[in-house]
Amino acid sequence: MTTPRLPRARNSLLRWLATGLFALATAPAVLAADARPAVTVIRAARLIDGRGGPPLAPAAVRIEGERIVAVGTSLPLPAGARLIELPEATLLPGFIDLHTHLTGRSDVHWEDALTKTTPPEEALWGAHWAEVTLLAGFTSVRDMGTNWPYVDVALRNAIEAGAVRGPRMLVAGAYVSSTGGAGDAAQFSTYVQVPLVHNLADGPAEITKAVRTNFKNGADFIKILATGAVLSKGIPPGAQQYSDEEIRAAVIEARRWGRDVAAHAHGTEGIKAAIRAGVHTVDHGSGLDDEAVALLTAQTVPATYYVPTLALLESNLDDGDSKTVPPEELERMKSLRVMAEGAFRRALAAGLPIGFATDAPVLPHGRNAREFRTRVRLGEAPMAALVSATRINAEIIHRADRLGTVEAGKLADLVAVPGDPLADITATERVGFVMKGGIVYRDELARRR
Ligand SMILES: [Zn+2]
């Protein structure tokens, strides 16, 4: 594994003398640049570029700084360039997960977090899981909320500054829930107060204010809980928890800021209300029925996308990963599973563009790629699943100009897996090479010269 080198003390000292405290702010950028040679050429057995066409074999990609500048079957190696050879591997765009909770731990039920953990604890674990997620091949995530509001904003900023190793993050800040709804974490005695957490909003006026407060404090998008949740003592997952008018209030205000609303939604009525209100993504989407599919098919821009989270069901129900899930919530998960898998097959049959997401740590952090295996088992072609986690997800987060495919001009976010993932999709669970923005974070597959 390549570790970015520490900045030279001489430079830091000069900067410190010249610019005082600003030296601290600029040091991480120096660290990142030091670890990235001017030119890199990667050669691999094949390339799946994220656009859905046949793989390129053999493949070569030339990187300058943080960007891809050329892609071909063979490229010359300029003098002084770094060569990375992956002769048995498939190169792919960095994977994107649209639904993570990087600061969440699978060994602490989120409803216990407010009484048993602290924001600094969550931040430190978040830094750990961010690295775990990056090393699993996920170079970008949309993070869907924290127990302690805005810890995700701090984590995103620390990663961007080069102080923490992790994926590019879009963050929700303080997700917005109704009182007694799926995101009402204060499921303890009414005499216990957690005054630092303000994520409950009821009625359009409070929701509008919650949206503004989130954006003021650094959120990239808004997460609302349109229905109940499986892992919650609040309203049942099938029930719509926000009225149509309340969901619309969130969308109207977010659009004023030029940003999106992502809606957690399991129940059918909540899904349809969220689509009609114009949310950008319906996450989980377990109760997606024919009418909901028709609504999605009929829409024009700005589009609503269906973003299922399916592997967590197998992980918790079959693999025994459910360390902290109480038995009654596992029962809910069982009944939801039939519905959620049916919804996915329905969306596939309709040819909808489908987002790729995991809800980690409900699926354990670092095992995000297991979602590929589940989706292929449910009938999706391996190539379609790979395109979902790359090009389609980049479109959903409005980063298609920079991310999601391996093409000249895009950021050099690349992963490699042993063998051919089109023949065996579980190869995605054995990522052995990770590059983000031209910096190598993992290189167990490379042949060295
Ligand atoms: Zn979630």
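**View 1. The length of helix 11 (residues 327–349) agrees with expectation.** The expected span is 1.5 Å times one less than the number of residues. Helices (H or I, at least four residues) and strands (E, at least two) are DSSP runs numbered from the N terminus. The model is predicted: local features need pLDDT of at least 70 and side-chain atom pairs pLDDT 80 or more, whereas totals for chains, interfaces and linings use all residues. Residues are numbered from 1 along each chain as its sequence is written.

**View 2. Helix 11 is kinked at Leu-336.** The kink is about 35°, the bend being the angle between axes fitted to the seven residues ending at a residue and the seven starting there. Leu-336 is also among the buried residues of helix 11, together with Arg-332, Met-333, Ala-340, Ala-343, Phe-344 and Ala-347 (buried: 20 or more other C-beta atoms, placed from the backbone, within 10 Å of its own). Their cover includes helix 9 (290–298), strand 11 (305–307) and helix 10 (311–317). Just after helix 11, Gly-351 adopts a positive phi of about 75°.

**View 3. Strand 13 (residues 433–436) pairs with strand 14 in the antiparallel sense.** Four bridges join these strands; Val-434 has Arg-442 of strand 14 as its bridge partner.

Conventions
Pairing = 2+ DSSP bridges. Buried ≥ 20, exposed ≤ 12 C-beta atoms within 10 Å, placed from the backbone. Contact = placed C-beta atoms within 7 Å.
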